[in-house]
Amino acid sequence: MAENEQLAKVIEFWRGTVAREHLFERELAGRLDVDTKEVVDLAGVRRCGKSSILKLLIRRLGLVDKALYVNFEDPYFAEHNSASVIEDLLEVYTEFFYAGVKFLFFDEIQEISGWEKAVRKLRDSGDYKLFVTGSSSKLLSGEFSTLLTGRHLSYYAFPLSFREFLAFNGVEAEDKRALAVKSTELLKNFRDFLQIGGFPEVVMTGNRVLLQQYFLDIIYKDIAGRHKVRQPEVLERLGVFLMSNSAKAISPTGVSKAFGISREFASLYLGYFKEAFLVFELPKFSYSLKTQQKALKKYYSIDTGMAN
């Protein structure tokens with residue numbers, strides 16, 4: 001009974017955030033398929049606004065008091081992180097909040113061990129509509145993809161686009177007249193956008209120190225912690241190198257020599273950065289696939305502010 005009461009408090013807290021928080025519109029919230037019977041999964045870099053997108057969706061659907069929303073980065077789940085806690089949450093929600101719940105929103109679900117099978121079970125019951133988010137590209141691949149082949153729709157979330165950046169700053173420019181009249185203001189905002197990037201909290205507060213914290217959280221929580229990397233300081237130095245050399249051609253061999261690690265580990269670490277959405281990779285264009293594979297690839301920071 002004590003556990004149920006604790007879970008009820010967790011649910012009430014996150015339920016309250018949906019109702020209380022001031023949320024700006026995000027373009028992706030309007031593109032998610034809410035009518036499909038499949039699981040909708042949303043992946044993207046830490047702090048890019050995935051939680052806000054789920055909350056916007058809950059409000060749009062009028063489900064503030066009728067949907068189960070939980071963020072699994074809540075401290076409660078540090079110890080209670082087995083897949084069974086998902087069913088426990090649903091049981092407590094139906095008992096204490098709303099017995100007719102049909103919509104389930106699970107935020108940062110990768111924090112729960114074995115969550116894939118629990119989500120598959122709920123989906124296959126036909127009783128629930130599920131939305132899940134995560135800060136790893138593995139959310140859209142691996143065991144989850146295998147278990148839910150043909151049963152899920154995948155979306156990627158990114159930091160703010162320039163259009164969203166303008167909206168966050170109260171600047172309207174939706175037609176040619178506005179573009180002409182406000183050209184000076186738009187140019188200033190574009191320079192600001194390139195300088196501070198598009199992480200929502202950074203844009204709203206102007207606090208660029210947050211970018212350093214996001215970077216370290218990605219390195220130590222999303223990469224080193226998840227993959228049990230024995231030399232996280234090497235990861236951090238490599239991360240700084242990738243950010244300061246955004247848009248430049250980089251090879252595992254070059255990384256191996258520069259950081260004194262094997263080529264195998266260099267390739268592995270680069271993969272970890274892509275998996276955590278800190279960087280994305282752009283191959284050289286060629287009509288020849290062989291030429292593409294042999295050529296050096298360019299690595300781009302997920303956010304211009306983080307690369308500065």
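Q: Why is arginine 47 called partly exposed?
A: This is a predicted model. Arginine 47 has a relative accessible area of 45%. Buried requires under 20% and exposed over 50%, so arginine 47, at 45%, counts as partly exposed. The residue lies in the loop between β1 (39–44) and α2 (50–60).

Q: Why is lysine 228 called exposed?
A: The relative accessible area of lysine 228 is 70%. The term exposed applies over 50%, and therefore lysine 228 qualifies. Lysine 228 sits in the loop between α10 (209–227) and α11 (232–244), and its phi, near 55°, is also positive.

Q: What makes the pair of lysine 50 and glutamate 108 a salt bridge?
A: In general, side chains of opposite charge can pair when their charged atoms come close. The N to O distance between the side chains of lysine 50 and glutamate 108 is 3.5 Å. The cut-off is 4 Å, so the pair meets the criterion.

Q: Which parts of the chain does this pair of lysine 50 and glutamate 108 tie together?
A: Lysine 50 belongs to helix α2, and glutamate 108 to the loop between β3 (103–107) and α4. The pair therefore ties together parts that are 58 residues apart in sequence.

Q: Are lysine 50 and glutamate 108 buried or exposed?
A: Lysine 50 has 3% relative accessibility and glutamate 108 has 5%. Buried means under 20%, so both residues count as buried.

Q: How do you know that arginine 163 and glutamate 27 form a salt bridge?
A: Their side chains meet at 3.6 Å, N to O, and the limit is 4 Å, so the pair counts as a salt bridge. Arginine 163 lies in helix α6 (residues 162–168) and glutamate 27 in the loop between α1 and β1, 136 residues apart.

Q: What makes the contact between serine 125 and leucine 122 a polar one?
A: A polar atom of the serine 125 side chain lies 2.6 Å from the backbone oxygen of leucine 122. A polar contact requires a distance within 3.5 Å, so this pair falls inside the cut-off. The side chain of serine 125 also reaches the backbone nitrogen of aspartate 127 at 3.2 Å.

Definitions and conventions:
Residues numbered from 1 in each chain as written. Predicted model: local features only at pLDDT ≥ 70, side-chain atom pairs only at ≥ 80, totals over all residues. Heavy atoms only, no water. Helix = DSSP H or I, 4+ residues; strand = E, 2+ residues; numbered from the N terminus. Buried < 20%, exposed > 50% of the residue type's maximum accessible area, 1.4 Å probe, protein only. Polar contact = N/O pair within 3.5 Å; in protein donor to acceptor, adjacent residues only side chain to side chain.
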